[in-house]
Every structure is written in C-alpha cells, then in structure tokens.
Amino acid sequence: MLLLPTLATVALAFTDYELGAGVISWVGFDNFAELLRDRGFMTSLRNTVVYVCLVTPGSIAGALLLALLIEAGTRGRTFFRAVFFLPVVSLTVAMAAAWQYLLHPTIGPLNAMLRAVGMAGPEWLSSSSTVLLSLAAIGIWENLGFNLVLFLAGLTAIPRELYAAAEVDGARGGWERFRLVTWPMLGPTTLFVLTITMIRSVRVFDTVAVLTQGGPNKASEVLLYSIYLEGFSFFRLGYAAAITLVFLAIVLALMWLQTRVLDKRVHYG
C-alpha cells in the first residue's frame, strides 16, 4: 500500500509523463534540472522554510509555557487541556473557514478591534507582506494543543524527588528549578516534539488550499501545494513526482537529524 506508490513516484520523477498522455518518455534528470531553474519552485521552497522556521519555535515555546502554567495550577487542569487540544481534533477545513472570517479585512473581528483603537488593520490573507505570517499564526494555533499534551506527559514523568533535591542544593526559585531540573529532564520529550512539529509544518497544505490557494503572487505557495498544482491542475505528473522526491528528501533529512545528531544529546544514562 505504501511501498508501491513510492516506487512509482520515484520512477515517474525521471519521465515526462502527463496525465492522459499515451506515451511516456524517459528524461533522466531533466525534471530536477528544471526545478533549479523554476522560480515558482524556489518560491514555494523558500515559503516552506520560512513557515517551518516560524511555526516550529512558536508552537513549541507556546506549548511549553502553557504546559508549565497548567501543571503549576491546582484547578481546571482537565478543562484547559481540553480547550487547547480542541484544534487537534477539529476539522482543518472548518477551522480554516473560521479563520477566514476572523481575518477578513472589513468584517473580521480582528480588524474591527484594531479600528476600535484607531489602527488600520491590514489585509491579512490578501497582502504579500502578511499572508505567510497569518498562515504561520494559524499553524502555531493548530500545533499548540498537540505539543501541549506531549509536554504535559513529559512533565508528569519527572520524579518529584529531583525538585526536592534541587531545593536542598539551593535551587529555590522557579527559574532555577526549571533550568536545573525541568528543562534537562524534558530533553527526550522536546526532541520528539521538535521533530514532529517540523514534519507537520513541512506538510502544510489544507490551510493554504482553503484560504489563499498559494496567493497572492505565490506569496503563500508551499511545497505540497506546488505538487498539487503541477499534478492535478497542470497534469504534469512527472514534474510533480520530482517535487515529491525533494519533499521526501527534506522529511528524511529531518528524521536523520533526530536520530543521528540530536538523539545523543538528550538521552541520559
């Protein structure tokens, strides 16, 4: 189910196959050479990198902060866990429609609040300068709940005796306990959250397809949406397969980064 389509994609990447064409020709590395000259592909690659660089640290830092606040509280833990986890179990398309209303330049509540304090709200999803930032903010919101649950599980697994021992050694402040106990013990959890968040960010598609369709002027076009356009709008399946291989190479590189480089730094013993 998975191996055969993957092998077929690898084979198609070296052909000029177009959907409906009766003849397939072997073109070797011509598709990859065209990728290097394709400004549209370079734009989508740059947008994907920028999106990942915004969503990954934002969602991880936000989730860790919320997890620490919830874990430190005495009431409402279950309620707040459920509230922040709602985006994970919600339909992405439905939530994208809600965000489209919230960010609407004229009737959207966000710009209405800005106008109420005397500020002119931008066209969040229609301006090249703000569209990627808007999508990144939505991406942070989407990943926050999933990362929060993982960090809460990691915090629960930390032995309470370590905090008592740190306090005996003079670490009485909250920041000192976090720096000396919480953060080091959260190393494996943080590594897992980092890898999962980066992969989920690279795979962004739904919000782009519903909210912007890659516009304006390709300012929000990402790799998966480029694959969709080339394969199912322009019917260039061979070229789309080449982009897919580049996408898979990026995902595999992230997995290699976890297993080879970072894994030894966070596991103890």
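The model is predicted, so local features need pLDDT of at least 70 and side-chain atom pairs count only at pLDDT 80 or more, while totals for chains, interfaces and linings use all residues. Residues are numbered from 1 along each chain as its sequence is written, and side-chain values use heavy atoms, leaving out hydrogens and water.

**Salt bridges**
- The structure holds three salt bridges (a side-chain nitrogen of Lys or Arg within 4 Å of a carboxyl oxygen of Asp or Glu).
- Arg236 pairs with Glu34, with the closest N and O atoms 3.0 Å apart. This pair links distant parts of the chain, 202 residues apart: Arg236 sits in the loop between helix 12 (223-233) and helix 13 (237-266), and Glu34 in helix 2.
- Glu230 also forms a salt bridge with Arg236, at 3.7 Å between the closest N and O atoms.
- Glu230 is buried at 12% relative accessible area, whereas Arg236 is partly exposed at 26% (buried means under 20%, exposed over 50%, partly exposed in between, with a 1.4 Å probe and protein chains only).
- Glu221 and Lys218 meet in a salt bridge of 3.1 Å, N to O; Glu221 is buried at 6% and Lys218 partly exposed at 38%.

**Two sides of helix 2**
- Asn31, Phe32 and Leu35 are buried in helix 2 (residues 30-37) (helices are DSSP runs of H or I, at least four residues, and strands are runs of E, at least two, numbered from the N terminus). These three cover an arc of only 100° around the axis, which puts them on the same side of helix 2 (the arc is that of the directions from the helix axis to the C-beta atoms).
- Leu36 and Arg37 are exposed on the other side of helix 2.

**Buried threonines**
- Thr195, in helix 10 (residues 187-202), is buried at 7% relative accessible area. Beyond its neighbours within four places in sequence, Thr195 contacts Leu254 and Gln258 (heavy atoms within 4.5 Å).
- Thr212, in helix 11 (residues 206-212), is buried at 9%. Not counting residues up to four places away in sequence, Thr212 touches Leu125, Val131, Leu135, Thr207 and Ser220.

**Annotated spans**
- An unreviewed UniProt entry lists "transmembrane region" for residues 49-70, 82-102, 131-159, 180-199 and 237-257 (in the numbering used here, with shortened feature names and annotations that may be inferred rather than shown by experiment).
- Residues 180-199 are 95% helix and 0% strand, with end C-alpha atoms 29 Å apart.
- Residues 237-257 are 100% helix and 0% strand, with end C-alpha atoms 30 Å apart.
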